[in-house]
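Visitor: Please take me through one part of this model in detail. I would like to look at how the pieces pack against each other.

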Amino acid sequence: MDLTPSPGDESFRAEARAWLAAHVPRTPLPSLETAAGFAAHRAWEAELAADRWSVVSWPAEVGGRDCGLGRWLVFEEEYWAAGAPGRVGQNGVSLLAPTLFDHGTPEQRSRVLPPMARGEVVWAQAWSEPEAGSDLASLRSRAVRVAGGWLLGGQKTWSSRAAFADRAFGLFRSDPDAPRAHQGLTYLMFDLRAPGVTVRPIGRLDGKPAFAELFLDDVFVPDEDVIGAPGEGWRIAMSAAGNERGLTLRSPGRYLAAADRLAALWRRQGCPAYAHDRVADALIGARAYHLFTQEAASRFLAGAELGAESSMNKVFWSEYDLALHETALELLNEEGELAEGAWAEGYVFALAGPVYAGTNEIQRDIVAERLLGLPKGRR
Amino acid sequence: MRFLLDAEQRAFTASLDAMLTAARTPAVIRSWSAGDHGAGRALWSRLADAGVFALAVPEADGGLGPRPVELVVAFVELGRHAVPGPLVETVTAATLLSTGDRARELLPALASGRTTATVAPPAPTDAPTITPDDDTGTGTDTAPAGHAPAPDLYTPALEGNSSTPGANSSTPDANSPTPEAPEANSPTPEGTLPVPEGTPLALDGDAASLRLVVDAEGLRLAPGHGPVRVSLDPARRLTPLSPGGELLTERPPVEEAFALARLATAAQALGVGLALLDRTVAHVRRRTQFGVPIGSFQAVKHRLADAKIALEFARPLLLGAALTRDPVDIAAAKVSACEAAYGTAKAALQLHGAIGYTAEYDLSLWLTKAIALRSAWGTPRECRAVVVRGR
């Protein structure tokens, strides 16, 4: 057992660090939940992609560096330590792309992934529906077979980034007569500017349009935009959901950097005693998350499937993120009330953590039933 | 980078687990708590045969070590089975004795299990800034009525003695009165030697054959010990050690040894937490209320899921700290493992109901240890201060 990086990893780290030092914007970009901020973040994705830093773990032919999970973790540490901007393409990169690598056709990969890597096409997720939150299997929006493709109808909601994004991906009921709710679902990609699509931005708590409702009225999707076989959507989507909760949605590098910033804020404010233990716990939590991820990555690289442990991961990072930001706001004293600045922006974002990507209640059920073997019961 | 236990390490874990399961530790723990060390000593030699103590002894002195990762793995199992005795202290002693010819002569017997050792933790030096409003819980109201301190067993602080008041693992505040052990559980004053008031408490000074004291001159072999003090964990019998005695070495590797003690304690705590979780999961699957197993209730599931998550995130911190041996990493592992174990203990007690609150039910053997280990070899407060101070 060891934690020693290979010489190759260290030179990769040095190369990433040097590039970031030369390119990270001196002043923070505007919030990516605003039109101007979204455009600025797209431009940053393009700058990253120009030197193949936007998706380092992808194969070279679709814009990556073929560098694997281990170096992805190294890159993320350097990325967040450098104070680089949040990633506007994350929905596509962490949810859709892994699905396409596993279940997409070569044509889909070569058509969809390169523009995603360059930030030219930013993807929104379209999982949730008004009556289907964590209970995704109950979703009702439909896909009806027509010549050469499908017609989508119904409503999606809480669609992250959809206010400014270009395309979306989600599950649709293609066989209403399937014997079980999980069956008869199809995984499709569609254009948010296609005829029949209405996007209604929804302000989150701070009023910024961080998500949207999508109204779909006979939206045509060609067969080439179906991922996997029709009716197999649930199985295909679940492999991506594991990804979302697990390794790639929240990199440890992000929290190592955030904990250091929190400790710096605490010192700047005169090391108030009331926050001593919480600052310590933020530092400890970041290291715990980092090492937990290293262990999971080692297991993954040794050929293991990542299963229900991604649910532990999701509960941990979402609660960690919130506690970290709560401490920061308190350390800011009266200014903690102000809705400006990176801590406030991060706080509002963190508030949603325990809700999205499958609520923490659902994740705890998964941990209890699949990892501890407790009996199923009423939710 | 391959941050996973290898096949040999996993096999070592499995063999210790099998051996300790067969040893039926609850009976051993109960007799140890009553001051009868026979069954504990027998188990001790089997642990030594399995190589546990040799892991801390350098190869040149008849050991296999130092091998901190294997030690952590072993101590998780010792905690899972709540093995009593100065386990942490013996591996700490192995490091303390690793320099100086006279000291090293004692090592082969430690590695082979022929001797057990104890040593007192150092005075806390990591006290963070404390403001009056957060300094609560001094424990001044916990002294049992009718048990005043027994001053006749104490002598005034000896000249040149380096011990520091309050530097032990059972009195949270040096200024509070020190509760005395109930008489029924105290050994007879015969066989104990005077020790200065405020001397740090060492685990099982009455059972250990080597009692080590670190003072300004170096590492000494203490000539005796003071009275046994009762821990919240009855299996942890704490004694002050007498000053003076033979000087074994002038330059013991104190920092390295005490860091290892903290790491091993953290590992032991994680094992205690894992055992509490396993036992509680088994209980809530079996126990029915309202016609169904209580483990099917979401409120019950979520408490146990939280315990599982806390324990699983503490484990890599421990292994990472064993690899780096950095005091900051070790302190982080200690906080994380001890708090995870303590949180699991509270969930275990709640979900067992009243039976969990009884001493006769075996769960108590782990519950009380989870509580006591929080303050052994570095309180959460001391360890958090090390983390905040950083590298």
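Guide: Start inside chain A, with the centres of domain 2 and domain 3, which lie 30 Å apart, taken over C-alpha atoms. This is a predicted model: local features need pLDDT of at least 70, side-chain atom pairs count only at pLDDT 80 or more, and totals for chains, interfaces and linings use all residues. Residues are numbered from 1 along each chain as its sequence is written, chains are lettered from A and ligands numbered from 1 in the order in which they are written, and side-chain values use heavy atoms, with hydrogens and water left out.

The bounds come from an automatic or database domain assignment. Chain A is split into domain 1 (7–87), domain 2 (123–231) and domain 3 (250–372).

Now the join between domains 2 and 3 of chain A. Here 6 residues of domain 2 are in contact with 7 residues of domain 3 (contact means heavy atoms within 4.5 Å). The two domains bury about 500 Å² between them, and carbon and sulfur atoms give 55% of it. Buried area is the accessible area (1.4 Å probe) that two parts lose on being put together, summed over both.

On the domain 2 side, the residues touching domain 3 are 1 nonpolar, 1 polar and 4 charged. Ala, Val, Leu, Ile, Met, Phe, Trp, Tyr, Cys and Pro count as nonpolar, Asp, Glu, Lys and Arg as charged, and the others, Gly among them, as polar. A:Glu345 and A:Arg204 join their side chains in a salt bridge, at 3.4 Å from N to O.

Next, the interface with chain B. It brings 42 residues of chain A into contact with 45 of chain B. About 4,000 Å² is buried between the chains, 70% of it on carbon and sulfur atoms. In chain A, the residues losing the most area to chain B are A:Met1, A:Ile284 and A:Leu372, together 19% of what that side buries.

Between the chains the salt bridge count is 4. In one salt bridge, the side chains of A:Asp281 and B:Arg384 meet at 2.7 Å, N to O. Helices H7 (252–268), H8 (276–301), H9 (309–331) and H11 (360–371) of chain A each give two or more residues to the side touching chain B. H8(A) supplies the largest share, 16 residues. Helices (H or I, at least four residues) are DSSP runs, as are strands (E, at least two), numbered from the N terminus. By class, this side of chain A has 22 nonpolar, 7 polar and 13 charged residues.
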